[in-house]
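Please look over the sequence and the model before reading on.

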Amino acid sequence: MSPALYDSFIADYYDESPIVRQRTQDVAFYRDAVRECGDPVLELGCGTGRVTMALAQMGKRVTGLDLSERMLEHAARKRAALNKEERERFHLVQGDMTKFDLGEKFQLIIIPFRPFQHLLEVRDQVACLERVRKHLRPGGRLILDVFQTDAERMHDPIHMREAPLVEYRSHDGKHVRISERVAAFHRAEQRNDVEMIYTVEHPNGRKERLVFAWPLRYFFRYEVEHLLARCGFRVAAEYGDFDRTPIRDNSPEMIFVAEPGW
Ligand SMILES: C[S@@+](CC[C@H](N)C(=O)[O-])C[C@H]1O[C@@H](n2cnc3c(N)ncnc32)[C@H](O)[C@@H]1O
């Protein structure tokens with residue numbers, strides 16, 4: 001992934017997007033995971049700190065790592081609003097989840113809301129999982145989530161047409177409409193080129209169209225299981241949603257809880 005991807009306008013629109021705001025069940029799930037597994041916690045691809053902040057507010061020791069400086073700037077602003085003790089337990093690091101070396105081991109490593117799907121190549125996925133293993137304490141766990149792939153939907157040309165998703169008014173009075181389309185399908189690479197289109201009307205009437213375009217890697221259940229096994233992990237649990245139901249045909253998510261030791 002190009003480091004510039006999330007260093008675009010998207011960083012400033014991320015937290016206010018209803019798509020992100022409506023995502024609360026995963027935060028509750030990761031909070032429970034920390035209660036069960038303990039800290040310190042490392043979040044890979046922490047973005048604006050949506051999940052990391054919730055964990056820091058529980059009084060846990062948390063490190064968030066992300067490639068994007070601009071996403072991290074938002075996380076740093078939120079960190080600054082924490083009380084002194086919480087701040088001291090909360091670290092932000094700019095880095096690549098396929099290459100990091102933090103010189104510290106963690107009880108729990110999480111990859112929430114699909115940063116793993118930005119790793120297009122198997123060598124990057126393996127490199128990330130190897131880094132995770134190196135950074136886990138004995139008895140530590142990895143939890144990552146990706147969406148469950150509906151193969152038919154992933155290849156349906158109807159999605160090449162721009163389709164409205166949501167609209168909202170921002171805190172500073174912008175009217176924002178978000179739509180989405182698939183620009184290209186790459187079946188052999190299990191990747192779609194996706195565009196999220198933001199049509200923005202500013203309070204002074206100025207209009208602009210902003211496009212967040214990115215290649216999205218999709219996974220299948222047993223592929224992830226094999227990847228984990230290849231990197232020395234045992235799957236301790238897997239869920240089809242954040243309510244911990246099993247993976248079924250219509251499950252929206254694939255959540256893997258893994259621990260070293262195959
Ligand atoms: C959809 S956002 C998820 C952010 C956050 N985890 C959340 O739940 O809101 C994906 C994040 O992954 C980050 N990312 C993508 N590739 C990365 C990489 N190789 N190393 C570190 N971060 C990466 C992006 O910069 C972005 O902030």
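Domain bounds here come from an automatic or database domain assignment. On that basis the chain of this predicted model is divided into domain 1, covering 5-149 + 219-260, and domain 2, covering 151-217. The points below describe how the two domains meet.

**Placement and contact**
- Between the C-alpha centres of domain 1 and domain 2 the distance is 24 Å.
- Domain 1 brings 21 residues to the contact, and domain 2 brings 24 residues.

**Buried area**
- The size of an interface is often given as the accessible area lost when the parts come together.
- For domain 1 and domain 2 the buried area is about 1900 Å², with 69% of it on carbon and sulfur atoms.
- On the domain 1 side, the residues that lose the most area to domain 2 are F9, Y13 and E16, which together make up 31% of what that side buries.

**Polar and charged links**
- Five residue pairs are in polar contact between domain 1 and domain 2, counting pairs with both residues at pLDDT 80 or more.
- One salt bridge is found across the interface of domain 1 and domain 2.
- E223 and R217 form a salt bridge through their side chains, at 3.2 Å from N to O.

**The domain 1 side**
- Helices α1 (10-13), α2 (18-21) and α7 (122-134) each supply at least two residues of the side of domain 1 that touches domain 2.
- By residue type, this side of domain 1 holds 13 nonpolar, six polar and two charged residues.

Note on methods. Residues numbered from 1 in each chain as written. Predicted model: local features only at pLDDT ≥ 70, side-chain atom pairs only at ≥ 80, totals over all residues. Heavy atoms only, no water. Contact = heavy atoms within 4.5 Å. Buried area = accessible area lost by both parts, 1.4 Å probe. Salt bridge = Lys/Arg side-chain N within 4 Å of Asp/Glu carboxyl O. Polar contact = N/O pair within 3.5 Å; in protein donor to acceptor, adjacent residues only side chain to side chain. Helix = DSSP H or I, 4+ residues; strand = E, 2+ residues; numbered from the N terminus. Nonpolar A, V, L, I, M, F, W, Y, C, P; charged D, E, K, R; others polar.
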